[in-house]
There are 2 protein chains.
Amino acid sequence: MYLSKRTTVLSQNQSKLINALQVKKYRQKYRNFLVEGEKMVLELLQQQRFGVVSIFGLERWAAANAASLQPFLQNFNPVSEIELRKISGLSTPNSVLAIAQWPDTWPDGSLLQSDICLYLDGIQDPGNLGTILRIADWFGFPAVFCSPDCVDVFSPKVVQATMGAVFRVPTCEIALPELLAPLSPAPPVMGAVLGGSDIFRSTLPANGLLVIGNEGRGISPATEQLLSHRLTIPRHAAGGAESLNAAVATGIMAAVLRNQTFTT
Amino acid sequence: MYLSKRTTVLSQNQSKLINALQVKKYRQKYRNFLVEGEKMVLELLQQQRFGVVSIFGLERWAAANAASLQPFLQNFNPVSEIELRKISGLSTPNSVLAIAQWPDTWPDGSLLQSDICLYLDGIQDPGNLGTILRIADWFGFPAVFCSPDCVDVFSPKVVQATMGAVFRVPTCEIALPELLAPLSPAPPVMGAVLGGSDIFRSTLPANGLLVIGNEGRGISPATEQLLSHRLTIPRHAAGGAESLNAAVATGIMAAVLRNQTFTT
């Protein structure tokens with residue numbers, strides 16, 4: 001049972017930290033990020049990978065989620081709706097906001113030797129990056145690596161768009177050559193490009209990296225040189241679109257990679 | 001060559017109409033919709049299905065696109081950047097905005113007897129609907145039907161998100177029973193549901209309807225009763241996500257439907 005604490009007025013330091021965590025530079029400095037909304041905060045409390053720094057929630061949220069909140073009571077700060085609105089980045093603020101801590105360990109390239117991971121080469125749209133993490137989560141890819149010019153995984157918009165996948169799919173920001181350099185043998189590096197092999201009519205590797213390019217310009221020339229498998233989702237003869245959305249293309253390639261034993 | 005017209009001040013009626021077309025009720029009343037941005041307006045000028053009512057653009061846009069603009073010169077109104085900013089719905093206004101006219105004919109269910117069409121059952125997010133039209137365009141589906149509770153295809157956000165697919169993929173707002181009633185024999189009606197047949201391990205029909213449900217609640221119970229094929233995109237054994245994004249699921253099912261002769 002949740003025993004009511006007196007609703008606190010947020011200290012200036014708390015408000016400042018929350019505000020600062022909207023910005024990547026400060027997320028990196030403090031190794032913290034924001035998690036908003038009932039569903040997302042509950043997922044944060046129920047996982048082990050990220051630490052829970054603070055929770056700012058309405059009294060009624062705390063009462064309704066007493067069991068989940070129990071282990072984190074000393075990190076909980078009851079706030080009023082007015083205060084929550086001040087610190088929330090959502091247009092319709094939810095009933096709770098938390099500060100989470102980055103993990104101490106990050107995935108590395110050794111995962112590529114036994115399974116398939118994603119590499120995002122300059123994904124810019126927070127919605128796309130979040131959706132791609134959801135795809136990785138659905139298809140059980142053990143990690144998503146991001147080029148340094150991707151939108152930050154821990155930006156509030158991306159965190160929201162992952163629908164909780166950010167807590168389950170390990171991510172790491174790393175340049176592609178740096179990820180691949182220590183690996184021997186060199187793992188397969190697949191990429192979605194124009195004019196590659198038809199993904200539905202290719203024998204695909206069971207391990208390695210699937211590279212997804214930027215929304216507008218695709219995979220960068222430097223990255224393209226590192227591909228061992230150039231793959232294409234075939235456009236239908238009657239089709240007119242110039243391209244597919246980056247997250248949609250990721251979903252199709254992920255689905256084929258995970259079900260290919262039945263397609264060859 | 002584009003011969004300069006004097007930059008006009010928009011009439012009150014023009015401004016009012018443009019403003020009104022942000023709202024579905026007025027789009028239906030006038031049978032018009034807004035198209036913004038250089039790429040989208042050029043696609044509008046180059047297609048035949050939709051009429052071009054008016055074009056409001058900067059002089060330099062007109063000069064750079066003289067050949068495309070030539071057949072529509074009498075519909076062109078040169079405007080200043082300040083005026084364009086006033087009428088634009090974009091946060092960073094582009095150099096041109098147009099009013100397009102709805103077509104006189106709409107696709108009907110007879111298409112389902114020879115090919116596969118999409119049916120969107122309550123898609124609410126403009127980005128998702130636009131992305132789904134792009135998918136239909138890529139995979140050459142001849143039409144996308146929308147339930148009356150979908151976000152309006154002709155809302156400015158959807159039109160933008162289609163990246164031009166709105167000009168190539170015929171759409172029609174219609175209730176599912178009304179679409180299916182006149183059809184004999186009844187066409188297959190496939191739907192993405194939880195606990196259906198694995199789409200990668202099913203023999204799928206070559207014609208009929210693929211139904212995509214709402215982002216949060218999926219396919220409505222009334223619609224689910226009309227399905228002849230209940231299909232599922234299998235989640236990987238190591239996967240944790242509750243669901244895939246609606247547009248991503250559409251893309252995967254569309255890709256499998258268009259390439260299934262090679263998977264069975």
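Biologist: I would like to learn how to read strand pairing here; how many bridges join E1(A) to strand E4 (residues 96-101) of chain A, and in which sense do the two run?

Modeller: Bear in mind that this is a predicted model. As a general idea, strands of a sheet pair through backbone hydrogen bonds, either parallel or antiparallel. Here E1(A) and E4(A) run antiparallel and are joined by five bridges. To place yourself in the picture, find Asn32(A), whose bridge partner in E4(A) is Gln101(A).

Biologist: Which helix packs on that sheet, and what does the helix touch?

Modeller: The helix is H3 (residues 38-46) of chain A, which touches E1, strand E2 (51-57) and E4 of chain A, and its direction makes about 35 degrees with that of E4(A).

Biologist: In what order do the strands of this open sheet lie?

Modeller: The four strands follow the order E1-E4-E2-E3 in chain A, and their pairing is mixed. Strand E1 (32-36) and strand E3 (76-78) of chain A are the edge strands, each pairing on one side only. If direction is ignored, neighbouring strands of this sheet are turned by 15 degrees against each other on average.

Biologist: Turning to chain B, in which sense do strand E2 (residues 51-57) and strand E4 (residues 96-101) pair, and in which sense do E2(B) and strand E3 (residues 76-78) pair?

Modeller: E2(B) and E4(B) pair in the antiparallel sense over six bridges, and there Gly51(B) stands opposite Gln101(B). E2(B) and E3(B), by contrast, pair in the parallel sense over three bridges, with Ile55(B) standing opposite Phe76(B).

Biologist: What is the strand order in the open sheet of six strands in chain A, and what kind of pairing does it have?

Modeller: The order is E7-E6-E5-E9-E8-E10, with parallel pairing. Strand E7 (171-173) and strand E10 (229-232) of chain A form the edges, since each pairs on one side only. Neighbouring strands of this sheet are turned against each other by 35 degrees on average, again with direction ignored.

Biologist: Which strands does helix H12 (residues 246-259) of chain A touch, and across which strands does helix H7 (residues 126-138) of chain A lie?

Modeller: H12(A) packs on the sheet and touches E5, E8, E9 and E10 of chain A, its direction making about 160 degrees with that of E9(A). Helix H7(A) lies across strand E5 (116-121), strand E6 (144-146) and strand E9 (208-213) of chain A, and runs at about 175 degrees to E5(A).

Biologist: How should I read the packing of two helices against each other, and at what angle do H7(A) and H12(A) cross?

Modeller: One reads the angle, the distance between the axes and the handedness together. The axes of H7(A) and H12(A) come within 9 Å and cross at roughly 10 degrees. Because angles under 35 degrees count as roughly parallel, H7(A) is roughly parallel to H12(A). Their crossing is right-handed. Asn128(A), Thr131(A), Ile132(A) and Ile135(A) of H7(A) meet Ala246(A), Ala247(A), Thr250(A), Gly251(A) and Ala254(A) of H12(A), and by class this contact has five nonpolar, four polar and no charged residues.

Biologist: At what angle do H7(B) and H12(B) pack, and how far apart are their axes?

Modeller: In chain B the angle is about 10 degrees and the axes are 9 Å apart, which makes H7(B) roughly parallel to H12(B). H7(B) passes H12(B) in a right-handed crossing.

Terms used:
Residues numbered from 1 in each chain as written. Chains lettered and ligands numbered in written order. Predicted model: local features only at pLDDT ≥ 70, side-chain atom pairs only at ≥ 80, totals over all residues. Pairing = 2+ DSSP bridges. Axes fitted to C-alpha atoms, helices over the stretch in contact; angles between N-to-C directions. Contact = placed C-beta atoms within 7 Å. Parallel < 35°, antiparallel > 145°, perpendicular 65-115°, else oblique. Left-handed = near helix turned anticlockwise from the far one by under 90°. Nonpolar A, V, L, I, M, F, W, Y, C, P; charged D, E, K, R; others polar.
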